[in-house]
Amino acid sequence: DEMMRFLDSPVAVLRMTPRDALRVAVFYDKYEFVEGTKLCDLLLTDYFRSLEKMESDYSMDANLYVDAMSIAHEANLVDA
């Protein structure tokens, strides 16, 4: 359900968080939802780019960072 919600609803995409991407990225890759994989790749790429600011104000979630790195590799997210 969650996988399809992000593919079917522009509003859901706008509200999508890095944690949401982590939950669905592997499934998009596994079932060859190319657009879903691209969506997760873009979202996690933006997340990784924002880490520098998060580090400077001590708001970085280390667990999310480690999970994101692992999922990006597992789900073949090329840019992330």
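Contact is defined here as heavy atoms within 4.5 Å. The model is predicted, so that local features require pLDDT of at least 70 and side-chain atom pairs count only at pLDDT 80 or more, whereas totals for chains, interfaces and linings use all residues. Residues are numbered from 1 along each chain as its sequence is written, and side-chain values use heavy atoms, with hydrogens and water left out.

D20 is located in helix α3; helices are DSSP runs of H or I with at least four residues, numbered from the N terminus. With residues up to four places away in sequence not counted, D20 touches E2, F6 and R15. D20 counts as buried because its relative accessibility is 10%, where buried means under 20% relative accessible area, exposed over 50% and partly exposed in between (1.4 Å probe, protein chains only).

The largest nonpolar core comprises 23 residues, and M16 and C40 have the most contacts inside it. Such a core is a set of buried Ala, Val, Leu, Ile, Met, Phe, Trp, Tyr and Cys residues joined through side-chain atoms within 4.5 Å. At least two residues of this core come from each of α1 (2-8), α3 (18-30), α4 (34-56) and α5, and α4 gives the most, with 8 residues.

Y65 lies in helix α5 (residues 62-74) and counts as partly exposed, because its relative accessibility is 30%.
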